[in-house]
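Please open the structure in your viewer and follow the stops below in order. Each stop names what to select and then states what is found there.

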Amino acid sequence: MAVKVAPSAGFCMGVKRAVDLVLDLTRFKTEEKIYTYGPLIHNPQTVELLKRRGIVSINDYEELEKLPPGSLLVIRAHGISPEERQGLKKRGLKIVDATCPRVGRVQAIIKKHAHQGYLVVIVGNKTHPEIAGLMGHAGGKGIVISNIGELSKIPPGQRLCVVSQTTQNHAEYEKITEEIKKRYPEAVIFDTICDSTHERQREVAQLAQEMDATIIVGGKNSANTRHLATIAAGAGKPTYHVETADEIPWDNIKQAENIGISAGASTPNWIIERVIDEIMERKTLQKGLKGGLFRLWVWAVKTELYAACGAGILSLVASSLQGIKPSLNHFLLSTFFVFSMHTLNRLIDHRDSTIIGSFREGLYQEYKHFLLILSLLSMAAALFLSSTGGLLPLTLTTLLLASGLLYSIPLFPKGRKFRRLKDIPGSKNLATPLAWGLVAALIPALNENAITPATFVAFFFVSGLSFLRFVISDLQDLQSDKFIGKETLPVLLGPRVTLKIVNLVAFVLVVLPVVAFQMAWTSGLALFLILPVFYLWICSYLYDRKRYYAGLTKEGLLETAYYLAGLGQGIWIWWIHIKGKF
Ligand code: SF4
C-alpha cells in the first residue's frame with residue numbers, strides 16, 4: 001500500500017499571499033472585523049475558520065451597503081474590475097488589495113489590447129469572479145467563451161486577443177486556441193494559465209496514471225479543484241473529489257493498493273493532512289506483526305506516550321553524559337512529567353485542535369475523562385518520584401508542573417491580546433525545551449548532588465534537541481497556526497529566519513559534544529549524540545525542499561529523534577563494554 005501526495009497540493013502562491021496578508025492584518029490592525037470582497041478562498045471549512053478570527057466575507061451588494069465607511073475591505077486574489085474598485089472607494093472603504101500578481105498580469109494584457117482596439121476573448125468560466133474582474137479591464141471590448149462550441153459567438157471582422165482564466169484546464173485551452181488559430185490566423189494568443197496551475201495539472205495527470213485511485217481534496221465550489229478531478233478522471237482510474245476526510249469513499253477505495261492525493265489551490269494543508277492521516281491509518285499495514293506494530297506506534301504517538309517515553313530516554317542519556325548511573329527513577333520522572341504536561345495542556349486548550357481537526361482530536365474527545373485522570377496520576381507520580389531525591393528536585397518539579405498548568409489557562413479577562421502565558425509570541429518553543437532540559441538533565445544532577453560542566457552539556461543537548469523537534473514541527477504547521485492565531489516562533493519570525501535558527505542550533509549541538517569530549521567534560525557518548533541532531537537536520541532540510549508529511553507521521557518521525565539518542569547511547573555502551581574502547 002502506498003500513498004503518494006502531489007508536491008504542489010495545497011495553497012498556490014496567490015492564495016497564500018492573500019491569506020497571509022489578511023491574517024497579518026488580524027495580528028497588527030486594531031479593527032474588530034476585517035471584510036473580504038467575496039470569500040477569500042473557495043473552501044467552506046476555511047471560510048468558517050476565518051469568520052472565527054473576525055474575517056467576514058461580503059457576498060452581495062446588500063451586505064456591502066451595510067458596511068460603515070472606513071471599514072477595512074480586502075480584495076481577494078481573483079481581483080476586481082476598475083469600476084468595482086471605483087465604487088468601493090466612493091463608499092469610503094479602506095481597501096487592501098490582495099489581487100494575485102499573476103491575475104494582475106492578465107488584467108494588464110487585457111487592458112492594453114482592448115485599448116489598442118482588439119476584441120479580447122477570455123476563455124474561462126463565465127460565473128467565476130476572476131472572469132468578472134478580467135472583463136471589467138476589457139472596457140466593453142471583451143467576450144467570454146467556455147468551450148469550443150462558443151467560438152461561433154465571436155463577431156466577424158475583429159482583431160482578436162485571446163487570454164484565459166488563470167486556472168483554466170490546459171488541454172481545453174490548447175484545443176480552443178488551436179481552433180482560433182485556424183479561423184483567425186491574425187489572433188494574438190497569450191498563455192495566461194498560471195505556472196502553478198500548469199504544474200498542478202501536470203502532476204495530477206501523472207499521479208492518476210501511476211496510482212490505482214486518486215483523491216482530489218478541496219471545495220466543491222473551487223473551479224481549479226474541479227479541473228483537477230476532471231484531469232485525474234481522464235486517466236480512466238477511479239477519482240474522488242472530497243472536501244474533507246469525512247467524505248473519503250472507503251468502500252470504493254477498498255481494493256486500491258496505491259492511492260494518489262492532490263488538492264486545489266485553495267485547500268489548506270491541515271485538511272490535506274487529515275485525508276493523508278486517515279488513509280495511512282486505515283489502509284497501511286493492517287495485517288500481521290508489522291500491522292500490529294504500526295498500529296501500536298500510531299496509538300503511542302496519538303496518546304503522547306511516544307513523546308513521553310522519548311523524554312524518559314533523554315533523561316537516561318543526560319544521566320550518562322554526566323557520568324551518573326542511569327536509573328528507572330529518572331526515566332519515569334521525565335516520562336510522567338512530559339505525559340502529564342502535554343496531555344493536560346491539550347485537554348485544557350482543546351479548542352485549537354477542534355477548529356482545525358488534529359489527528360488526536362477523536363481520541364481526546366472519546367477518552368477525555370480517562371486521559372484527564374491518567375495525566376493527573378502522572379503528575380502525582382512525577383511529584384512523588386522527584387521527592388525521593390530531596391527538597392530541591394521536588395521544589396523544581398513542583399514549580400515546573402505549576403507553570404506548565406498555568407501555561408494554557410486564561411489569566412487575564414477577555415479582550416486582552418495576551419490572556420494566557422501561551423499567547424506570548426514564541427513562548428511554547430522556548431518554555432517547553434527549557435522544561436525538558438531541567439527535568440531530564442538537571443534533576444538527575446540535583447539528585448546526585450553533582451552539578452558539573454557535563455550538566456550544562458546534558459541540559460543543552462536535551463533542550464536543544466527538543467527545541468529542534470518542536471520548531472521543525474511548527475514550521476510545517478505554520479499555515480494552520482496562523483489560521484488559529486498560535487504565535488509560534490515560525491509565525492513570529494517567518495520560515496526563513498526560523499530555518500536559520502534551526503540550522504544554527506543544530507550546528508551548536510554538533511560542535512558542543514566534540515568540544516565537551518575534547519575538554520574531558522563528558523564521555524565519548526557525546527559523539528554518538530550527533531546522530532539524532534543530524535536526523536532532525538535532515539527533517540528540516542526535507543521541509544525546506546517541500547516534502548510533505550501528514551500530522552501523525554510528521555509528529556511520530558520527529559519524536560523518533562529521542563529514540564535515536566537512546567540508540568546512540570546503546571551503541572556507545574556496546575562499544576565500551578564489548579570492544580573495550582573509548
Ligand atoms: S492559481 Fe495562479 S493566478 Fe490564481 S491565485 Fe493562484 S498563483 Fe495566482
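**Stops on the tour**

Select Phe-470 to begin: this residue is buried, because its relative accessible area is 6%, and buried means under 20% relative accessible area, exposed over 50%, and partly exposed in between, with a 1.4 Å probe and protein chains only. The model is predicted, so local features need pLDDT of at least 70 and side-chain atom pairs count only at pLDDT 80 or more, while totals for chains, interfaces and linings use all residues. Residues are numbered from 1 along each chain as its sequence is written, and side-chain values use heavy atoms, with hydrogens and water left out.

The structure holds eleven aromatic pairs; rings of Phe, Tyr and Trp (its six-membered ring) pair if their centres lie within 6.5 Å, and planes under 30 degrees apart count as stacked, over 60 as edge-to-face and the rest as tilted. The ring centres of Trp-436 and Phe-470 are 5.9 Å apart and the planes meet at 85°, so this pair is edge-to-face.

Now select Phe-534 and Trp-537, a stacked aromatic pair with 6.1 Å from centre to centre and 15° between the planes. Phe-534 is partly exposed at 48% relative accessibility, and Trp-537 is partly exposed at 33%.

Finally, select Cys-161, which is buried with a relative accessible area of 0%. Its sulfur lies 18 Å from the closest cysteine sulfur, in Cys-194, too far for a bond. A search of the whole structure finds zero disulfides, a disulfide being a pair of cysteine sulfur atoms within 2.5 Å.
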